[in-house]
Protein chains: 4
Amino acid sequence: MVDPAQLHVRVLGESRIDSPLGALLPAHGTTEHYVDETDRVLLDDTLAMIAARAGAEVPSFEPGGARRRIFFDPSKIKVGIVTCGGICPGLNDVIRGLVLTLNNQYGVSRIIGFRNGYQGMVARHGRGIVELTPTSVEYINEHGGTILGTSRGNQDPDEIVDCLEQLGVNVLFVIGGDGSMRGAQKIAAAVAGRERRIAVVGVPKTIDNDIPFIGQSFGFQTAYAKAAESIRAAHVEAAAQPNGIGLVQLMGRHSGFIASYASLANNDADYVLIPEVPFSLEGFLPYLRHRVLTRGHALVVVAEGAGQDYLEDAPVRLDASGNRKLGDFGVYLRDRILGDFASAGQEVNLKYIDPSYAIRSVPANPYDSVYCLRLAQAAVHAAMAGRTEMVVGQWRGRFVHVPIPLAVSSRNQVDPDGDLWMSVLEATGQPGNFAAATRLIA
Amino acid sequence: MVDPAQLHVRVLGESRIDSPLGALLPAHGTTEHYVDETDRVLLDDTLAMIAARAGAEVPSFEPGGARRRIFFDPSKIKVGIVTCGGICPGLNDVIRGLVLTLNNQYGVSRIIGFRNGYQGMVARHGRGIVELTPTSVEYINEHGGTILGTSRGNQDPDEIVDCLEQLGVNVLFVIGGDGSMRGAQKIAAAVAGRERRIAVVGVPKTIDNDIPFIGQSFGFQTAYAKAAESIRAAHVEAAAQPNGIGLVQLMGRHSGFIASYASLANNDADYVLIPEVPFSLEGFLPYLRHRVLTRGHALVVVAEGAGQDYLEDAPVRLDASGNRKLGDFGVYLRDRILGDFASAGQEVNLKYIDPSYAIRSVPANPYDSVYCLRLAQAAVHAAMAGRTEMVVGQWRGRFVHVPIPLAVSSRNQVDPDGDLWMSVLEATGQPGNFAAATRLIA
Amino acid sequence: MVDPAQLHVRVLGESRIDSPLGALLPAHGTTEHYVDETDRVLLDDTLAMIAARAGAEVPSFEPGGARRRIFFDPSKIKVGIVTCGGICPGLNDVIRGLVLTLNNQYGVSRIIGFRNGYQGMVARHGRGIVELTPTSVEYINEHGGTILGTSRGNQDPDEIVDCLEQLGVNVLFVIGGDGSMRGAQKIAAAVAGRERRIAVVGVPKTIDNDIPFIGQSFGFQTAYAKAAESIRAAHVEAAAQPNGIGLVQLMGRHSGFIASYASLANNDADYVLIPEVPFSLEGFLPYLRHRVLTRGHALVVVAEGAGQDYLEDAPVRLDASGNRKLGDFGVYLRDRILGDFASAGQEVNLKYIDPSYAIRSVPANPYDSVYCLRLAQAAVHAAMAGRTEMVVGQWRGRFVHVPIPLAVSSRNQVDPDGDLWMSVLEATGQPGNFAAATRLIA
Amino acid sequence: MVDPAQLHVRVLGESRIDSPLGALLPAHGTTEHYVDETDRVLLDDTLAMIAARAGAEVPSFEPGGARRRIFFDPSKIKVGIVTCGGICPGLNDVIRGLVLTLNNQYGVSRIIGFRNGYQGMVARHGRGIVELTPTSVEYINEHGGTILGTSRGNQDPDEIVDCLEQLGVNVLFVIGGDGSMRGAQKIAAAVAGRERRIAVVGVPKTIDNDIPFIGQSFGFQTAYAKAAESIRAAHVEAAAQPNGIGLVQLMGRHSGFIASYASLANNDADYVLIPEVPFSLEGFLPYLRHRVLTRGHALVVVAEGAGQDYLEDAPVRLDASGNRKLGDFGVYLRDRILGDFASAGQEVNLKYIDPSYAIRSVPANPYDSVYCLRLAQAAVHAAMAGRTEMVVGQWRGRFVHVPIPLAVSSRNQVDPDGDLWMSVLEATGQPGNFAAATRLIA
């Protein structure tokens, strides 16, 4: 249960000047399509919530968007942008959107990018700085990856604030995942400790869509569309051969959104295994064999974070971002399936596909391009209005400001009782419980 | 302002039997990702609405999704499906989703499609009936258009109900636009007049996204992604030549959603003209000439319904659906631009692109495929639960039931004061008011 | 019949220096995959040709490719590049290939591009010059159009040679169509008249594939692949409606290659009408009506240059390149079809699609990207070896040098007796002679 | 050196009847675009070949295409189709082209497909037979894979001829690779041994393009276009990170065509390693480290058959087709690179991509669709004219008949002295000899 206080965003100060965008905001009040600055967006939108909250404060977000009066004087400030963590479709769209909005709408002319994530902000790795202008970013949205480069892991927040101060940066935009947002929170804390007026605003990046309270993460639609191509490829392979099995491992360390949506996209999958929904291989394997026997082929989609309990004996390893490296369940499952068919003396032609790099590196599709641009616009408006230690998101169709502590407090996951997983169960026809189902086929 | 009573959906009767999907619904209550059958979804989700409604009923929708107990006995019913009006990406996905969900989840085995829209249900045009099975719809989602064929215009509701009764159809799914939904409403009324238990459930189709209260219409994302390709083509043409202008007319009779989103997608447009935002050519034309002079080229995107006041002298024409045929503003604008440059003695190379057929006919992209499947699931659940005279939609992320009278009571339009249009103004840099802006460049 | 003398390429002079690429050419002799500099490629490769030529010189081309010894000293020369005429997929690939090969392989560092075609080389339009470097062209192949801009029409050859001399340009690459190649021929003649050592080498551009002796023009495969999408769109529209006709007008002023190949690509077309094969509407129209009556829908593909005899009364108009503007046969045909069905009292739903701009403006597909790069390599090798007044092409799989006078002496057309048109007749099932066929259905 | 006798195709007998296509062939003689039945196509088309052959028979192919008189009576025959070996883009296009040409052009109505390759023709695996009609194949070209299914390995030729005789099949089309063509040769021999009049005609399938004398294999262009996407993905990954290396393993057991063309397509590769061109890792690895050090990242493309001498110690394994299984050089190379950087204490971020399944399973692109259709037309014409024990191909632009013994006598490979490899060296800038090059950087 979210405490309404967790939804309140930090502001650098109370002073304000007129915004150059004021002319575009003649008399906007809250409408179906716009939430006025003085209004808020409900966290939950059911009757049950309203009833439960009768008399108490209702949890709500501050809306995003341009303000009539702003905190920073655009003609005087310098802005920095950094991209952190793994690549994801849309990074260049966000960079481009930030630069164009800052420059064209606010008239901010001094914008720099840091090379290779937080590494580019500290001396040890050698600071790397790139000037960013509307011309230099004109076509970057057509390329995958990030023109700034990226790296994993955080750096010493004090060194980073030293860097910001020495370069005279007033606003830092961090495009990165939950680890990087924790880093941004520490940077904001260090800024606050020095009583500086430097805004730290995040655009949350997670190809797995596992950051909570931001609606859907940018690049996610592009990712599952691309993932659906791999499922189709595996289906074609499996269907072309006697006793074919296609096994596709998709991204999703903690959350099975890509696996779920990609499986719904062309509806070829027979089984979808995700971290949020436990399953037993002892129940699954006989079920799969039965399927191949009766239908001739089968298709299994597995999120990389699924079935980790089967890999418990593997040693704990951490990546540079401090994330625990997962054991490779896809490979483990492949071997278990092959072993199971061998034991049963049943022929099988299994093709295993793990397309992760092919998915991360593509340019954003038109939906994500629009979304990235609008997130970037919202992030610029928030920073110009003096917000800090927050990320932008879209909550039930409205752009909102989400405090970083809230955004890193939990994970967004597929709700096993929610309507998405229900759609997957309906579409695949897979049983909710393999062990129970297996008894039926025995 | 919507009256809460308008949001209540008609039900065929109160009797219920256990649903075959009950096992998948162990103990679902309202969560962030699911709205229980006993809860409702708020129409508006701002604090302002809650405050305004203090003490009064809050407008809310009935949630979509599988019910534990249903109205129809799946083993006994026969289901009909019809597609009406212009084609749109995703029609075959919806047909496929209806058939698969009816057959695989509920065990309904008697499903038929009517050929060529409502025409296929009446004797005058010759009834056309196709058996629909999981096998016959297996790959249809990879094709654009509709395998059932379609036609414009409604037919006599009594003849249609005769057809349903003679064939023993218990549930009719209508996939069509607002005109077809008005037709469906009349069919439901005729059914009610005869006191029959035939459910009429709609899946609203509008490539323009102009049906209200359903969130976003299926096929719309595919459509604006495809439209963005035309904008890119026009940009390439315009930029390759001295004094190039690209002029792209996109679909949008009453609503500029495709024009707005497609323009944001690759952000090449300099001007976007939509029906919802008035403009004066007298202000626009000098502004455009100035742009070509200073920048070398320009790109104009216009929704087909824009600028109709300039075509008032054209005679009124109706299409077969009874929609007033719009004058062709794109062609008019092309001629006005050419005339204006000629009068000013300024060279111009204008390329005019109207890609509408190329957009309507493509298969759904993965997002829309998922969305169509889930709309189809929701429509089946609603019909099996005895709902009628309603359409399915997704309201702020939740699948909901929308009474047809409400869905045809108004149009969904781009709010000139909303955040979408604000994003367009920010991204293009076009002035809110060309006349005022022109004075600045004079 | 081609005179062997027509196949001999002009050379600027006989002096030679060692090529920096010599090390890559250890001991190449003619093989199945390579033609040595001392060998030639046969124009025709049939036994009949050999027999006919017994004792006479056999027509053959000079092979393309790197030479061991070259004419120009790469460290001293300056190179100019110009793109002329309409845009076509692959222009940026060719520019990029020229720059990379000149710079990386030969060490030429002074490369310039002229803006907006020949206009950018003469004072009257204002010379426009762009420095071209490996960095500036790194990603341009991902964009359609031409980064240099283009224009139609030739300019005074003497002014152009003045420009080349004043700028110290030693090699001019012209990427353009037959009109531009005639311009290049005049430039080469003016250079020769002044006894200068300036090479003029062309990369022939024609989206219609109508330049002879070059195999297939770059961008052509991309073009017909894109055109096939429009045919598919028209098919989907036509098949979705009662009595639907899809009518697609494709590029092809004098040659029906795009119409023929695109129609074969997904094999939806029922009739293909091209300039090379005469037909009578009086025979065609009843045949089409019969088809719609019996099959329910039909698809007609027409090349823009077809049926011009039906438009003879239209006044003669020339475009800026001096090409006679064609009458718009697609629109004429649409009206004739509508009139014919109206006279016959037969319902028809006709959708007319003319996708030309959408086809010209796309980036090259991978095949064309490879081909453009290799053409650019061949053009650079030819120029460095002192060839002039020639274009590069690929003849039966080998890169060859084609003298400009030969390349502009005729048009490449679909041979009505050749195997391509035979494939179209087989695939569509259309009669060779509509009048005769019509008698059969009467 | 090919003996002219090797180019002569077997014919079932000399009797002939009039062809139903005769009307489409009024007076075709050899032209630039068509080779008459009485003429032949030269194997080699250089002056050197003519000179070398003075007085001797010149090696030449029999041309493909419709004949005026044919061997089989279309109204009486039954035709079988089988697809063998791994899947490849275009299989369904070929099946569809065979069925449509047989049915629509010749009026053959009895056409069957065998399920799962040669397995479907023998009792041990259970014969699998599918009726094929124009309706059943209408849209199959939009799907990857093969609707007939496939399997590896040959079956007893006598059992297969038993099957053909029992079913009354007069013509067998085999779509498969060199192993399957050897199988077809044995089937033809068994047919001849029994003195039956059953034609066995192949459409050669090899995604690697390694079958000789057929020009380019179908699906190859689609394959390298798809492979180019993986190279782009690896480039984006490598460039986004400090010290990034992208390593892409592409198909190509014996021939580096896919690796070569895909690398040229977007020209991102720094090194291309193929089976035909030996290299030493001892030379390559220091060169690669130097590149990463100086440029920040690098991209390596390797064909799966490259570097097999480094894997000699691995045990010999055969697949079901009897092909020797290659050791996995891509994985070996990845480990060697990682080891080399580790020894040198140099940081590296290596991403390894092996996209083979994603490439094999896609539908054919428009070029390959056209090519598959035309190959199918040529195969049907050949069979109807009584040819047997041959495959169809396209030699220097002309469709030709190639005897199976010749087609399986050698492999088509990238000629290290040919112009394709020269283009790769020019485009990548990689040295011809890494050891020599390494000395330069030391």
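Colleague: Tyr371(B) lies in helix α10 of chain B. What makes Tyr371(B) count as buried?

Modeller: Its neighbours are counted in a predicted model, where local features need pLDDT of at least 70, side-chain atom pairs count only at pLDDT 80 or more, and totals for chains, interfaces and linings use all residues. Residues are numbered from 1 along each chain as its sequence is written, while chains are lettered from A and ligands numbered from 1 in the order in which they are written. A residue is called buried if 20 or more other C-beta atoms, placed from the backbone, lie within 10 Å of its own, exposed if 12 or fewer do, and partly exposed in between. Tyr371(B) has 27 C-beta neighbours inside 10 Å, so Tyr371(B) is buried.

Colleague: Why is Val400(C) called buried?

Modeller: Val400(C) has 28 C-beta neighbours inside 10 Å, which means that it meets the cut-off for buried. Val400(C) sits in strand β19 (residues 398-403) of chain C.

Colleague: Which residues are in contact with Val400(C), leaving aside its neighbours within four places in sequence?

Modeller: Two residues are in contact if their C-beta atoms, placed from the backbone, lie within 7 Å. For Val400(C), the partners include Val41(C), Phe61(C), Pro63(C) and Trp395(C). Ala298(C) is 102 residues from Val400(C) along the chain, and 43 Å separate their C-alpha atoms.

Colleague: What makes Asn116(C) buried, and where is Asn116(C) placed?

Modeller: Asn116(C) has 23 C-beta neighbours inside 10 Å and therefore counts as buried. It is in the loop between β7 (110-114) and β8 (129-131) of chain C. Outside four places in sequence, Asn116(C) is in contact with Pro242(B), Gly128(C), Gly149(C), Thr150(C) and Ser151(C).

Colleague: Why is Asn243(C) called partly exposed?

Modeller: Asn243(C) has 18 other C-beta atoms within 10 Å, so its count falls between the cut-offs for exposed and buried. Asn243(C) lies in the loop between α5 (220-239) and β11 (244-250) of chain C. Its phi is positive, about 55°, although Asn243(C) is not a glycine.

Colleague: Is Phe213(A) buried or exposed?

Modeller: Phe213(A) is buried, because 22 other C-beta atoms lie within 10 Å. Phe213(A) belongs to the loop between β10 (199-204) and α5 of chain A, and has a positive phi of about 70° although it is not a glycine.

Colleague: How do you know that helix α6 (residues 257-266) of chain A is mostly covered?

Modeller: Ten of its ten residues are buried. Among them are Phe257(A), Tyr261(A) and Asn266(A). The buried residues of α6(A) pack against α5 (220-239), β11 (244-250), β12 (271-273), β13 (297-303) and α12 (419-428) of chain A, together with α10 of chain B. After α6(A) comes Asn267(A), with a positive phi near 60°.

Colleague: Why are α6(C) and α10(D) called roughly perpendicular?

Modeller: Helix α6 (residues 257-266) of chain C and helix α10 (residues 366-384) of chain D pack at an angle of about 80°, with their axes 8 Å apart. Axes are lines fitted to C-alpha atoms, for helices over the stretch in contact, and angles run from 0 to 180 degrees between N-to-C directions. Angles under 35 degrees count as roughly parallel, over 145 as roughly antiparallel, 65 to 115 as roughly perpendicular and the rest as oblique. The pair α6(C) and α10(D) is therefore roughly perpendicular. The contact is made by Tyr261(C), Leu264(C), Ala265(C) and Asn266(C) of α6(C), and by Pro366(D), Ser369(D), Val370(D) and Leu373(D) of α10(D).

Colleague: How many residues of this contact between α6(C) and α10(D) are nonpolar, polar and charged?

Modeller: Six are nonpolar, two polar and none charged. Ala, Val, Leu, Ile, Met, Phe, Trp, Tyr, Cys and Pro count as nonpolar, Asp, Glu, Lys and Arg as charged, and the others, Gly among them, as polar.

Colleague: How many residues of chain B are in contact with chain A?

Modeller: 58 residues of chain B are in contact with 58 residues of chain A. The side of chain B that touches chain A has 26 nonpolar, 22 polar and ten charged residues.

Terms used. Helix = DSSP H or I, 4+ residues; strand = E, 2+ residues; numbered from the N terminus.
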